[in-house]
Amino acid sequence: MTNVAVIGTVTGVVLSEIGHTVTCIDIDGCKVNKLKAGKSPIYEPGLDELMVKNIEANRLTFTTNHVDAFLDAEIVFIAVGTPQSESSAADLTYIKQAAKDITLHIVNDTIVVVKSTVPVGTNDLVQSIIEENIVADLKVEVVSNPEFLREGHAIHDTFHGDRIVIGAETEKSGRIIEQLFKPLSIPIVRTNRKSAEMIKYAANAFLAVKISYINEIANLCEAVGANVADVADGMGMDHRVGRAFLNAGLGYGGSCFPKDTEAIAYLAKENFAPLTIVEKAIQVNTKQRQLFLEKVLQHFNDNLVGRKIALLGLAFKPNTDDLREAPSLYLIEQLKKRGAEITVYDPIVKEVAIIGVTSTKSIQQCVEKVEAILLVTEWDEFKTADWSEISQLVHSKVLFDGRNILSNHEEIQANWQYKSIGQA
């Protein structure tokens, strides 16, 4: 068992679950009080239950006080956000501040583990910030340990991950972090810090490319009369390709793929080694939601003024409340601009602070008397909904399925005008 401090939340909860004593730090007092009560500020299935369990077992605590958090800590994790800056580069403001906070408050020799997604060379920067600012006579080593968790599946992915990447400059620090994660029984990849940083960006960029590729194939399928779902199934059976991330739709969103692809593309340009495939994937992703909007416009002959339209799904993907880079926001903006009357419903995102949009509490309330439904997020609730009942509530049985989840639904196929992606 190891004493660990974490500037962040999910990582700390998981480490406490595998037996370590963990203190999580956040400067927001209201957020910390909520965490102490076992309530996560973000929606992540299973997270609240694990928090309560480990709080009650005295393995997990939360504080705003860095002195208390670092008092007995042998390892400090930095798991803060790295949002996209105006230049498309990763904004390292929170990383730098975390490094400075560590130098001011640690009282023991410490291993600092950077969990955040950061550009290549950031761990070296953290090491230099600590060495330049530390006042005590302490030894600090920085280790890169990028996470590979999907929003909405973070707890599952933590305990059933494909690999744990540890980038260390010394054998000792790498071995200590490897031992920390040993109870998870997940394969370990040991490398240096820069390679570990690159693994994270390269992996996310590749998955984004895969999504954009199948979306371009989907557009071609529509043009020639093929079915992209069948094409993806056939491709996915080839073990060299794999079926994951070959679901045609509105493209990727969220907190990772958009900023990570932009960041690695920026890094590549800065180093005169442009990643043209990644740049194209970014362009395709933007275009995909525009093409979906064009389907709607074409159906209404480019006149949306006064048209009642329902959006089912707001979060960028199911099992999360994350609206960052969500396709729904683009569609709402464009529909509003063209005069449509919009109602929205999401199982988790209950309130939307968007002027001119009516947030509803159920599918039925959302679709009442609408002239078209846009299915934007592939929540299970939409797959299992009673579409026979829904057909009695709408003004027109027109469904634009942005995720292709109802292409085999008997009621939809028999009685609705069904418009999907990549299916002629």
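How closely do the axes of helix α11 and helix α12 approach, and at what angle do they cross? In this predicted model, the axes of α11 (residues 257–270) and α12 (residues 276–299) come within 9 Å and cross at roughly 145 degrees.

**Helix pairs**

- The crossing of α11 over α12 is left-handed. On the α11 side the contact involves Thr261, Glu262, Ile264, Ala265 and Lys269, and on the α12 side Val278, Glu279 and Ile282.
- By class, the residues of the contact of α11 with α12 comprise 4 nonpolar, 1 polar and 3 charged.
- Helix α5 (residues 93–105) and helix α6 (residues 122–133) also have axes that come within 9 Å, with a crossing angle of roughly 35 degrees. The crossing of α5 and α6 is right-handed.
- From α5, the contact draws on Ile95, Lys96, Ala99, Lys100 and Thr103; from α6, it draws on Thr122, Leu125, Val126, Ile129, Ile130 and Asn133. The contact of α5 with α6 has 6 nonpolar, 3 polar and 2 charged residues.

- Strand β9 (residues 308–312) pairs with β12 in the parallel sense over 4 bridges. Within this region, isoleucine 309 stands opposite alanine 372 of β12.
- Strand β12 (residues 372–375) is joined to β13 by 3 bridges in the parallel sense. Leucine 374 has phenylalanine 400 of β13 as its bridge partner.
- β13 and strand β14 (residues 417–419) run parallel and are joined by 3 bridges. Here valine 398 has glutamine 417 of β14 as its bridge partner.
- The chain passes from β13 to β14 through helix α17 (residues 410–415), in a right-handed β-α-β crossover.

**Strand β13 and its two faces**

- In a regular strand the side chains alternate between the two faces of the sheet.
- Strand β13 (residues 398–401) is covered on both faces. Val398 and Phe400 are buried on one side, while Leu399 and Asp401 are buried on the other.

**Helices lying across the sheet**

- Which residues of α13 are buried? They are Pro327, Ser328, Tyr330, Leu331, Ile332, Gln334 and Leu335. The elements covering these buried residues include α12, β9, β10, β11 and β12.
- An α-helix has 3.6 residues a turn, so residues three or four places apart point the same way.
- Glycine 339 follows α13 and has a positive phi, near 90 degrees.

**Residues in loops**

- Serine 88 is not a glycine, yet has a positive phi of about 85 degrees. Serine 88 sits in the loop between β4 (75–78) and α5.
- Why does serine 88 count as buried? Its relative accessibility is 18%, and buried means under 20%.
- Asparagine 404, likewise a residue other than glycine, has a positive phi near 55 degrees. Asparagine 404 belongs to the loop between β13 and α17, and counts as buried because its relative accessibility is 15%.
- Lysine 397 is located in the loop between α16 (387–393) and β13. With a relative accessible area of 34%, lysine 397 is partly exposed.
- Lysine 397 and glutamine 417 are separated by 20 residues in sequence and by 6.2 Å in space, C-alpha to C-alpha. Leaving aside neighbours within four places in sequence, lysine 397 is in contact with Ser391, Asn415, Trp416 and Gln417.

Notes:
Residues are numbered from 1 along each chain as its sequence is written. This is a predicted model: local features need pLDDT of at least 70, side-chain atom pairs count only at pLDDT 80 or more; totals for chains, interfaces and linings use all residues. Side-chain values use heavy atoms; hydrogens and water are left out. Axes are lines fitted to C-alpha atoms, for helices over the stretch in contact, and angles run from 0 to 180 degrees between N-to-C directions. A crossing is left-handed if the near helix is turned anticlockwise from the far one by less than a right angle, and right-handed if clockwise. Contact means heavy atoms within 4.5 Å. Ala, Val, Leu, Ile, Met, Phe, Trp, Tyr, Cys and Pro count as nonpolar, Asp, Glu, Lys and Arg as charged, and the others, Gly among them, as polar. Buried means under 20% relative accessible area, exposed over 50%, partly exposed in between (1.4 Å probe, protein chains only). Two strands pair if DSSP finds at least two bridges between them. A crossover is right-handed if, with the strands pointing away from the viewer, the path from the first strand over the helix to the second runs clockwise.
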